[in-house]
Amino acid sequence: MNAKPMQAAACGLIACRTCGLILPLAMRDGRCTRCTSRVNARIPRSAERTLAWLIAGMLLYLPANLLPVMHTSGVQGSQESTILGGVLSFWQAGAWDIAVLIFIASVAIPVSKFIALGLMLWTVRQGSAWGTPQRTKLYRVVDFIGYWSMLDVVVVAITSALLQFKAFGTAEPRLGILFFCLVVVTTMLAAKSFDPRLIWDASRDND
Amino acid sequence: MQPASSTLLICRDCDTVHRAITLETANVAYCSSCNAVLARRHSRDVSHVLAITIAAAILFAIASATPVLAIEFGAIRTQANVWTAALSLASGWAVWAAVALALATFLVPLLQIGLLLWVLSFASAGRRAPAFRIALVALHWLRPWSMTEVFLLGALVTIVKLSAWVHIVPGEGLWALGGLTILLAMLSRYEPRAWWEFAEHPQ
């Protein structure tokens, strides 16, 4: 139906990322006439900001896994559990489905976000034209799944609210849960800082 | 006033320019380069969206005021909902995790529903709401941080986790939370551009 796809920047247009209004490219670094947000042709310093949040997230991921997230005490005695320890005890108790779910939310999603965002930053820097639509799809997946990592924080919070029986068992949060929360926030900010159009710019430059 | 915005669409993910076409009901337009969703065909009826928002507000009130889960052990009964769950994290430095959870599962959804009610109730009267621009910009920034559905899944996981040891009872809040998740998902299908055009030109 149409010829070669045209890039908005090449047509002298930009779209406001907050409200979607299309503006002339000359208005970049100014403010949107509809919602007054700053408009840019690309998210400013996108790669640097993404890298900074990504490194912060990876550093915070260490204490999030090494420190206990919950302290439980009951008739069998008291124990401190880490995220991986929790996954393991579900597995051993035969609740493999819950073990898999928590493993996906707390380990697989953050780690694959680190790998995917690192891969995107590296290929953009290399000016790679490889798998451009696939990398864009990967970015959308990373952006979409990020907040599900909050699952373990929610589970610890609900468990601590419910298990408050001195005679039977109590649960309370430990510092690891704060680090885990910070991992979710920093990796979400890393994904939000990344401008997926950089993936396309690199392959267009190589044409 | 802005003829370009009504005839062109620019993909958020790859910057490709498209000529807008008229969509049939329930159709979705995808970017030909990167397959991102460009536009959806929405109900143009403000009262329809307002009804969903009012229903969401009612379910949100029920979910916040009633127990989502409860445990009875002897004479003692404990319960959890978005409030008590966040509060239970508030010890020592973990208090910041409590703040984050309270924002994501209570304050952000509350603001989203409240701002939508504000904007849409004026729009249904054919008027532009006061502070319309601020409300819509706020809705754009709040959207990624709304985690009602994560709380719902967390509650379901906790049922399975604890039911081996204690008798755990789902409360009214759990059903309200389930309904709220569906309604918020329906509302989140409206992309920011749709809200601007919707509220600026009702009908």
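Tutor: First, a term: domain bounds here come from an automatic or database domain assignment. The model itself is predicted. In chain B, the assignment gives domain 1, residues 1-41, and domain 2, residues 43-200. The C-alpha centres of these two domains of chain B are 30 Å apart.

Stay with chain B for a moment. Chain B has 8 helices and 7 strands. Its C-alpha atoms fill a box of roughly 70 × 40 × 35 Å along the principal axes. Of the 203 residues in chain B, 36% are buried. Now take the contacts in chain B with a separation of 6 or more: 58% of them join residues 24 or more positions apart.

Next, see where the chains meet. Here 53 residues of chain A contact 54 residues of chain B. Several elements of chain A give two or more residues to that side, including α3 (96-126), α4 (132-145) and α6 (176-193). The largest share comes from α5(A), with 10 residues. By type, the side of chain A that touches chain B divides into 37 nonpolar, 9 polar and 7 charged residues.

Which residues of α2(A) are buried? They are A:Ile83, A:Gly86, A:Val87 and A:Phe90. To count as buried, a residue needs 20 or more other C-beta atoms within 10 Å of its own. Why do these four residues lie on the same side of α2(A)? Because they cover an arc of only 100 degrees around the axis. What covers them? The cover includes α1 (46-66), β4 (77-81), α3, α5 and α6 of chain A. After α2(A) comes A:Gly94, with a positive phi near 90 degrees.

A:Pro68 sits in the loop between α1 and β3 (70-74) of chain A. In sequence, A:Pro68 and A:Ile83 are 15 residues apart, while their C-alpha atoms are 7.3 Å apart in space. Leaving out residues up to four places away in sequence, A:Pro68 touches A:Glu80, A:Ser81, A:Thr82, A:Arg174 and A:Gly176.

Technical notes:
Residues are numbered from 1 along each chain as its sequence is written. Chains are lettered from A and ligands numbered from 1 in the order in which they are written. This is a predicted model: local features need pLDDT of at least 70, side-chain atom pairs count only at pLDDT 80 or more; totals for chains, interfaces and linings use all residues. Two residues are in contact if their C-beta atoms, placed from the backbone, lie within 7 Å. Ala, Val, Leu, Ile, Met, Phe, Trp, Tyr, Cys and Pro count as nonpolar, Asp, Glu, Lys and Arg as charged, and the others, Gly among them, as polar. A residue is buried if 20 or more other C-beta atoms lie within 10 Å of its own, exposed if 12 or fewer, and partly exposed in between; C-beta atoms are placed from the backbone. The arc is that of the directions from the helix axis to the C-beta atoms.
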